[in-house]
Amino acid sequence: MTSEMITAHAAGTWKLGDLSVTRVGFGAMRLTGSAAFHHGTPSDRGRSIAVLRKAVELGVDHIDTAAFYFSALRAANELINTALGPYADDLVIATKVGPFRDYAGEWGTSARPDQLRGHVEENLRQLGRDHLDVVYLRRMRQDSIAEHFGALAELREAGLIRHLGVSAVEPRHLAEAQAIAPVVSVQNRYALDRPDPEADELLRLCGEQGIAFVPFYAVAGDTGERGASGAHGDEVLAVAQAHGVSPAQVRIAWTLHQGPHVLAIPGTGNPDHLAENVAAGALRLTGDELARLNTARQQTG
């Protein structure tokens, strides 16, 4: 079976609150250019729209975006609105608030609690929606997230937000947020080549509590916002060769194997890479392969 024939449903599903999503979603960061934000060159608009529409055709029903995902000429939310509006009832769009970029693309001071409503409304306008399915509070180095998360909880009560998540947090921040309002998902950096005991602990806690764990940069690894990693360890290459797949597909499959509550949101502006990313949800790694990859991961620390 070719990648083009495999849909996102091959990975199974999980729930974000009462919203069921396929475990392979789509991250919108790479829609706007050859690399995220102001890095690289702006994308071809028609190609990005085609990627979004193809993602939905392949069964993807969970898109992760943010108002601060834009390049000199492209904005992820505008592309999503153009490509997919009016939205299907089962399409879940998650966004993040907290960080801020000005019109020139420069990073500004992260939002105060009283500014978060403006961030939410900006996403609503750009996406053409009257509510947001999931909104993450992206922690920006603050020691406590209670005041910020509380402001989002108020917007949830007002009907602007359906479900809440937290991002770039430590276990104590998750507990702090849960004392205020339900948390349906945690989005933290997590990758095969980036051992992190604190992230491992968060993944475990989320599994115990039925909370989705949604890693970002799972494919990009250490290159982060500049794009997919071209550096792959020997074990990743060996597993990829054994299955006849790409190293990126092995990294996505390894991510999904970390627990049924783990969701993958690989992003791309390339239609062919999109099909490969979705097909990775059907890749089943053996216990021996997982052990070898986990050992290699610990050795990179």
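Trainee: Why does Asp 193 count as partly exposed?
Mentor: Asp 193 has 22% relative accessibility. Buried means under 20% relative accessible area and exposed means over 50%, with partly exposed in between (1.4 Å probe, protein chains only). The value of 22% lies in between, so Asp 193 counts as partly exposed. Before we go on, remember that this is a predicted model, where local features need pLDDT of at least 70 and side-chain atom pairs count only at pLDDT 80 or more, while totals for chains, interfaces and linings use all residues. Residues are numbered from 1 along each chain as its sequence is written, and side-chain values use heavy atoms, leaving out hydrogens and water.

Trainee: What makes the contact of Asp 193 with Arg 251 a salt bridge?
Mentor: A salt bridge is a side-chain nitrogen of Lys or Arg within 4 Å of a carboxyl oxygen of Asp or Glu. The closest N and O atoms of Asp 193 and Arg 251 are 3.2 Å apart, so the pair meets that rule. Asp 193 lies in the loop between strand S8 (185-187) and helix H6 (197-209) and Arg 251 in helix H8, so the pair ties together parts that are 58 residues apart in sequence. Helices (H or I, at least four residues) and strands (E, at least two) are DSSP runs, numbered from the N terminus.

Trainee: Is Arg 251 buried or exposed?
Mentor: Arg 251 is buried, because its relative accessible area is 2%.

Trainee: Which residues does Val 236 touch?
Mentor: Val 236 is in helix H7 and touches Leu 192, Pro 247, Val 250 and Leu 293, not counting residues up to four places away in sequence. Contact means heavy atoms within 4.5 Å. With a relative accessible area of 6%, Val 236 is buried.

Trainee: How many salt bridges does the rule give?
Mentor: The count comes to 16. One of them joins Arg 162 and Asp 18, at 3.0 Å from N to O. That pair links distant parts of the chain, 144 residues apart: Arg 162 is in strand S7 (residues 161-167), and Asp 18 is in the loop between strand S1 (13-16) and strand S2 (19-22). Arg 162 is partly exposed at 37%, and Asp 18 is partly exposed at 46%.

Trainee: How do you know that Asp 288 and Arg 292 form a salt bridge?
Mentor: Their closest N and O atoms are 3.5 Å apart, so the pair falls within the cut-off. Asp 288 and Arg 292 both lie in helix H10, 4 residues apart, about one turn of the helix. Salt bridges that share partners also join Arg 139, Asp 143, Glu 170 and Arg 172 into one network.

Trainee: Why is Ser 48 called buried?
Mentor: Its relative accessibility is 1%, so Ser 48 counts as buried. Ser 48 lies in helix H1 (residues 45-57), and leaving out residues up to four places away in sequence, Ser 48 touches Leu 31, Ser 43 and Leu 79.

Trainee: Which residues touch the most other members of the largest nonpolar core?
Mentor: Leu 52, Ile 80, Val 120, Leu 152, Val 166 and Val 186 do, in a core of 82 residues. A nonpolar core is a set of buried Ala, Val, Leu, Ile, Met, Phe, Trp, Tyr and Cys residues joined through side-chain atoms within 4.5 Å. A second, separate core of 12 residues includes Leu 19, Val 92, Ala 94 and Val 214.

Trainee: What makes strand S4 (residues 62-66) and strand S5 (residues 92-97) a pair?
Mentor: Two strands pair if DSSP finds at least two bridges between them. S4 and S5 are joined by 5 bridges and run parallel, so they qualify as a pair. The open sheet of 7 strands has the order S3-S4-S5-S6-S7-S8-S9, with parallel pairing. Strand S3 (26-27) and strand S9 (212-213) are the edge strands, each pairing on one side only.
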